Amino acid sequence: MGNADSQGKPKVALYWAASCGGCECTIVDIGEPLLDIASKVEFVLWPVALDFKYHHIRAMEDKNIDLCLFNGAIRNSEQEEMAKLLRQKSKIVVAYGACAHMGGIPGLSNFSTKEATFNTIYNEVPTVKDEKKRPLPQTKTKVKEGELELPEFYDRVYKLNDIIDVDYYVPGCPPTSDQTVLFLTAVLEGNLPPHGAVFGPKKNLCDECPRERKEKIVKEFYRPHEKRPNLDECLLDQGFFCQGPVTRAGCGSQCINANMPCRGCYGPSDKVSDMGGAFISTLASIIDSQDEKEIRDIVAKIPDIAGTVHRFSLPSFIVNEKSKKEDRK
Ligand code: SF4
Ligand code: SF4
């Protein structure tokens, strides 16, 4: 890794935007190898763990940070400002985890409007639901002491490369600790893939899955709580919604080994451009019927099919791509 401070250590920034904190847990879960990595770098920003301030970053020269791991999607103006600032100050910016990579779980709110999202959060969830209509967040609020400001909440969620140029992507919700160590080691050794690469195997999850596969012919789909899958047979063959055929390998088949179908958090494999579209086409090819009504009945039993096939990738969906420039100021 190129730049070094006066002690000869490369500078590293970690930042979280619209995310759950799982990516931060992965960093901590690295365990003992993290001590070795930490001894070789200097952390200059890590809001979840260390008390650096934004003004410390603003005061730096451009490209002074060697590596920025940015997790989380972009949902508000503060996150956009930080993404742009960290791009300006960093040599390498990495979209770390599914939310920065593809929009992730927060991106599912692109099915809804900003107003509906606020209304659900502040007025409708059971823990706040009562007679009172609560005020919704405003960017400026007058109080007797003066004016309070909040970041602007955008109409939709953006993946990181909608906002800034991204050098690499480390996939996963969250990425595994093992893969994170491999990535950090590659950075420290200057052994990185080409600019813009997703760090991980090119193949799909089915290629590394140990389960036995037969010809896929499905009459009925099940959710994991409705039936216990057997341990040896392909989950999709058994009628479970396993997105292995369109998902990048590299997680070590974590969900499959726990007898749960893959939900696609590693994003599309190299041959897939739109995960949701590709998986719908997989489903269409395995449904065991030629009768339109029967096919409709089989598909109707899958709740929220659009959200299910785009669980982590809605802001990357081609339709969102076409509309994305229109609603951010
Ligand atoms: S569909 Fe799922 S269970 Fe079946 S082979 Fe692929 S990853 Fe394994
Ligand atoms: S099996 Fe699928 S959902 Fe589970 S960790 Fe791997 S890529 Fe993510």
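The centres of domain 1 and domain 2, taken over C-alpha atoms, lie 28 Å apart in this predicted model. The contact between them (C-beta atoms, placed from the backbone, within 7 Å) draws 5 residues from domain 1 and 4 residues from domain 2. On the domain 1 side, β4 (74-76) and α4 (77-89) each give two or more residues; helices (H or I, at least four residues) and strands (E, at least two) are DSSP runs, numbered from the N terminus. The domain assignment, automatic or from a database, places domain 1 at 11-105 + 156-188, domain 2 at 112-154 and domain 3 at 205-322.

Helix α9 (residues 275-286) comes next. Its 12 residues reach 17 Å from first C-alpha to last, close to the 16 Å expected at 1.5 Å times one less than the number of residues. M275, G276 and F279 are buried in α9 (20 or more other C-beta atoms within 10 Å of the residue's own; exposed means 12 or fewer, with C-beta atoms placed from the backbone). Seen down the axis, the buried residues of α9 fall within an arc of 90° and so line one face of the helix, the arc being that of the directions from the helix axis to the C-beta atoms. These buried residues pack against α11 (305-309), while S281, A284 and S285 are exposed on the face turned away.

Residues are numbered from 1 along each chain as its sequence is written, and chains are lettered from A and ligands numbered from 1 in the order in which they are written. As the model is predicted, local features need pLDDT of at least 70 and side-chain atom pairs count only at pLDDT 80 or more, whereas totals for chains, interfaces and linings use all residues.

Terms used:
Two residues are in contact if their C-beta atoms, placed from the backbone, lie within 7 Å.
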